[in-house]
Amino acid sequence: TSGSFALLGHEPAPARFLVDTSSDQALLVPSSRYDSVVRALLPPGALDGGGGCRFSPGPGREVLCDCAVLGGTPPPPPLRIYLGGRLFEHRLHELLVDSGGGGERC
C-alpha cells in the first residue's frame, strides 16, 4: 500500500509499505535508509561511541541500546507513518523491547 512517513519534524515523504499481518516485525526499513531512520529515532549521539546504542554484528543489524536511552530529555520526536489518510505515531519506547537483560538492554 502507499502512504508516507516523516522523521524529525520533516514533511512526510511518499513511501510504499508492505503490510504483513503474520510477521512479528513492527517495522522494516529499506537497507538504503536504515541507518538514517535509526539515527533519527534515537537521541542525538546515541550511536556515537559511548552514547548507549550500537548496531549488532551480523546480517540483522539490530540496534542494541541501554534502556536508559528511553529516558532522554527531551525525548526524540516520533516516527510518523501515514496510511489511508490516517496518522500513526510511534515513539522510541514503543519501538524498543527488553532484550532479556533485566531491563538494562533494549
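Me: Accessible areas come from the Shrake-Rupley method with a 1.4 Å probe. What is the accessible surface of the protein chain in this predicted model, and what share belongs to carbon and sulfur atoms?

Reply: The model is predicted. For the protein chain the accessible surface comes to about 7,200 Å². Carbon and sulfur atoms account for 54% of that surface.

Me: Which elements make up the protein chain, and in what order do they run?

Reply: The protein chain has 2 helices and 6 strands. Starting from the N terminus, the order is β-β-α-β-β-β-β-α.

Me: What share of the residues of the protein chain count as buried?

Reply: The protein chain has 106 residues, and 29% of them count as buried.

Me: Why is Ser56 called buried?

Reply: The relative accessible area of Ser56 is 12%. Buried means under 20%, and therefore Ser56, at 12%, is buried. Ser56 is located in the loop between β3 (53-55) and β4 (63-65). Neighbours within four places in sequence left aside, the residues in contact with Ser56 are Arg61, Glu62 and Leu64.

Me: How do you know that Cys53 and Cys65 form a disulfide?

Reply: The sulfur atoms of Cys53 and Cys65 are 2.0 Å apart. A disulfide requires cysteine sulfur atoms within 2.5 Å, and the pair Cys53 and Cys65, at 2.0 Å, therefore forms one. The structure holds 1 disulfide. Cys53 belongs to strand β3 and Cys65 to strand β4, so the pair ties together parts 12 residues apart in sequence.

Me: What makes the disulfide of Cys53 and Cys65 right-handed?

Reply: The torsion about the S-S bond is about 115 degrees, and so the disulfide is right-handed.

Me: Are Cys53 and Cys65 buried or exposed?

Reply: Cys53 has a relative accessible area of 4% and is therefore buried. Cys65 has 0% relative accessibility, so Cys65 counts as buried too.

Me: How do you know that strand β1 and strand β5 pair?

Reply: Strand β1 (residues 2-6) and strand β5 (residues 79-83) are joined by 4 bridges and run antiparallel. Pairing needs at least two bridges, and the 4 bridges between β1 and β5 therefore qualify them as a pair. As an example, Phe5 has Ile81 in β5 as its bridge partner.

Me: In what sense do β5 and strand β6 pair, and over how many bridges?

Reply: β5 and strand β6 (residues 86-90) pair in the antiparallel sense, over 5 bridges. The bridge partner of Leu83 in β6 is Arg86. The hairpin of β5 and β6 has 2 residues between the strands, and Gly84 in this hairpin takes a positive phi near 55 degrees.

Me: Which residues of helix α1 are buried, and what puts them on the same side?

Reply: In helix α1 (residues 31-41) the buried residues are Tyr34, Val37, Val38, Ala40 and Leu41. Their arc around the axis is only 155 degrees, and therefore they lie on the same side of α1. An α-helix has 3.6 residues a turn, so residues three or four places apart point the same way. The buried residues of α1 pack against β1, β3, β4, β5 and α2 (92-95).

Methods:
Residues are numbered from 1 along each chain as its sequence is written. This is a predicted model: local features need pLDDT of at least 70, side-chain atom pairs count only at pLDDT 80 or more; totals for chains, interfaces and linings use all residues. Side-chain values use heavy atoms; hydrogens and water are left out. Buried means under 20% relative accessible area, exposed over 50%, partly exposed in between (1.4 Å probe, protein chains only). Contact means heavy atoms within 4.5 Å. The arc is that of the directions from the helix axis to the C-beta atoms.
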